Amino acid sequence: MRQVRFTGRKSLSETGRQLTEVSMGRRPADRVITGGRLVNVHTREILDADVAIADGRVACFGDVAHCVGPDTEVTAALGSFLVPGLVDTHVHVESTLVTVRPFADAALRAGTTTVLIENHDMANVFGAEGIRWMLEESRDLRLKVLLAVPACVPPLPGLEDSGAWIDPADVERLLDEPGVGALGEMMNMRGVTEGDDRMHAMISAALGRGMIATGHWSLSGWNDHRLHAYAACGVDSCHESISAEDALAKLRAGMWVQFREGSAFHDMAALAPLLTSGEIDPRHVMFITDDVAPDFLLEQGHLDNAVRVAIACGVDPVLAIQAATVAPAEYLGLRHDIGSIAPGRFADILFVEDLGDFRAHRVLVDGADVAGPGAGAGAGAGAGAGAGAGSGDNPRYEYPPAARLSVRVPADLSAADLRIAAPGERARVRAIGMVDRVVPTGHLIVETAVRDGEVTADASADLAKAALVNRHGTAGKQVALGFVRGLGLTRGAIAQSTARDTHHLLAVGMNDADMITAARTVIADGGGIAVVADGQVLARLPLPIAGLLSDGTVEEAAAGLRSVVRALAGLGCAIEQPTTMLAMLAVSAIPELRIGNRGLIDSRDYRLVPPVVAD
């Protein structure tokens with residue numbers, strides 16, 4: 001049975017005896033924290049307690065005077081609450097538009113100390129090779145990183161295509177890699193319920209290794225035998241609940257439910273009543289971020305924001321902390337390592353002044369201060385020295401040249417490829433109905449004018465044209481077309497190589513010429529985002545690594561994204577996180593209407609549908 005563990009750190013089996021020696025006073029602690037109010041997530045108590053740390057782990061808490069030696073570093077908490085480091089069991093690093101290392105630096109400063117990364121975005125571009133690149137970058141960082149092996153590449157075979165293909169043999173090999181902690185979200189829901197051999201082989205590969213198979217059940221209202229069929233094979237978590245009814249059905253089925261609160265999708269308010277009513281056992285509730293844009297990461301934080309939002313929704317602060325610490329630790333099968341400030345656990349500790357306004361002003365990882373804003377005095381010194389490679393990051397990982405060769409679109413792409421023909425003077429067209437900060441889309445039928453034998457965008461009807469261009473070099477010049485309502489554009493266009501989950505080149509706009517100019521700008525940058533109006537590039541954010549990631553800092557990515565959002569706002573768009581919402585237009589696994597490289601996808605009935613409705 002494979003044991004999930006963090007790379008670059010000693011296991012408890014290697015350090016447990018020494019921790020016992022410290023607890024008994026036969027060996028001095030590396031560090032002692034005094035004067036803290038310890039949030040005990042096992043009992044939901046707050047205790048006045050000191051904490052003794054050795055070898056990067058907690059030895060004991062309470063009266064620890066007997067653990068202090070001449071070389072023990074003593075840190076005064078000055079009445080701060082001592083909270084376990086936060087654990088996010090579902091996050092797409094690619095949504096931050098930076099690679100793992102800069103993301104880790106920012107997440108740590110916000111108090112997130114462990115993540116399970118779902119990296120099917122990179123996998124849909126480069127397959128197993130891309131996954132290994134991210135694994136290499138993730139190893140031996142201060143942030144404790146586990147990767148979930150993507151299960152659905154492409155998400156819906158037969159309806160869409162990716163730049164790569166992941167089969168069960170790939171999954172088996174990747175599950176055995178150090179630093180892997182789970183099978184990624186099982187988005188092919190129908191494949192599971194209908195007995196698809198490929199999907200079930202992947203689930204069995206994870207379960208056979210004693211690893212979890214994470215889920216994605218986005219069919220709101222289908223919480224009957226179909227949900228049970230999905231859970232029965234061992235898929236036991238879901239982050240797609242958008243109503244308390246959906247979440248409760250999953251909890252009743254024995255699943256772990258992840259309440260999502262990130263930068264674009266805000267589900268906490270709808271789900272929090274399950275935690276405030278006192279009517280259910282909350283032990284299988286976890287908080288996750290899913291997607292966090294770089295500017296949000298800098299300004300609002302990471303999983304700490306989800307805790308704050310839950311508390312603002314009336315959730316007891318300690319219960320909210322449990323959902324971001326001990327519950328995810330137990331779900332990952334790592335309760336001996338993370339999730340609480342208790343004997344044997346890694347000393348991942350947040351200093352928080354006010355639980356009601358949950359913000360860490362100091363963060364310890366493996367008993368050592370995290371360098372950077374809010375680290376406090378003595379950053380990086382002392383206690384982490386015995387923790388092995390985890391006490392300091394490796395040099396920045398360099399992605400290979402192949403990672404920058406991902407946008408392969410025929411040079412003759414032109415406005416003629418965006419034409420949607422229709423007879424007569426009026427036509428009924430399908431439009432993807434967008435609602436700001438809501439994951440599911442509508443499948444709308446909109447009547448509009450036909451001009452010169454084609455249907456075009458119409459600002460008066462908030463009807464933008466969408467084109468998804470195959471950018472993986474797998475099908476020549478392949479362009480799928482449709483319409484979008486809800487973006488609010490009055491003129492201009494945007495193109496981006498971030499279009500989940502297959503990540504083809506998406507262009508959305510009010511005229512074909514600007515859409516093509518925006519697309520060509522992204523192609524020239526090797527991937528990224530570009531906003532165009534009247535033939536002029538108003539903003540661009542190059543994302544050369546896999547067409548998904550910049551090779552700069554979070555601050556640089558945030559500045560670039562802000563310029564894109566400002567440019568779109570000047571063109572009429574009022575959506576909070578427009579590039580994230582646009583990327584979701586291609587997520588075939590979520591109802592109701594999406595766009596894939598082969599055409600519009602009715603993602604409730606799993607079929608391709610034309611943009612113009614036949615009479």
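Modeller: Leu12 counts as partly exposed, because its relative accessibility is 27%, and the cut-off for buried is under 20%. Keep in mind that this is a predicted model. Leu12 sits in helix H1, which covers residues 12–23. Setting aside residues up to four places away in sequence, Leu12 touches Leu19, Arg57, His336, Asp337 and Gly344. Take Arg57 from that list. Arg57 and Leu12 are 45 residues apart along the chain, and their C-alpha atoms are separated by 8.7 Å.

Now the chain around this site. Of the contacts between residues at least 6 apart in sequence, 70% join residues at least 24 apart. The protein chain has 17 helices and 28 strands. Its radius of gyration is 25 Å, close to the 25 Å that the globule rule gives for 615 residues, so the chain is as compact as a globular protein of that length. Along the principal axes, the C-alpha atoms fill a box of roughly 90 × 50 × 45 Å.

Next, burial. Buried residues make up 62% of the 615 residues. In soluble globular proteins, nonpolar side chains tend to be buried together. Here the largest nonpolar core has 170 residues, and Met186, Phe287 and Phe358 have the most contacts inside it. Helix H3 (residues 120–138) gives the largest share of this core, nine residues. Another core lies apart from it and has 30 residues, including Ile420, Val450, Ala467 and Ile516.

Met186 is worth a look. Leaving aside neighbours within four places in sequence, its contacts include Ala151, Cys152, Val192, Met199, Ile203 and Tyr230. Thr214, Gly215 and His216 are also in contact with Met186.

Just after H8, Gly254 takes a positive phi of about 85°.

Last, the surface and the charges. The protein chain exposes about 20,400 Å², and carbon and sulfur atoms supply 50% of that area. There are 54 positive and 77 negative charges, with mean positions 1 Å apart.

How values were computed
Residues are numbered from 1 along each chain as its sequence is written. This is a predicted model: local features need pLDDT of at least 70, side-chain atom pairs count only at pLDDT 80 or more; totals for chains, interfaces and linings use all residues. Side-chain values use heavy atoms; hydrogens and water are left out. Helices (H or I, at least four residues) and strands (E, at least two) are DSSP runs, numbered from the N terminus. The radius of gyration is taken over C-alpha atoms; the globule rule is 2.2 Å times the number of residues to the power 0.38. Buried means under 20% relative accessible area, exposed over 50%, partly exposed in between (1.4 Å probe, protein chains only). Contact means heavy atoms within 4.5 Å. Accessible areas come from the Shrake-Rupley method with a 1.4 Å probe; for residues, only the protein chains shown count as cover. Lys and Arg count as positive and Asp and Glu as negative; His and the chain ends are not counted. The place of a charge is taken as NZ of Lys, CZ of Arg, CG of Asp or CD of Glu. A nonpolar core is a set of buried Ala, Val, Leu, Ile, Met, Phe, Trp, Tyr and Cys residues joined through side-chain atoms within 4.5 Å.
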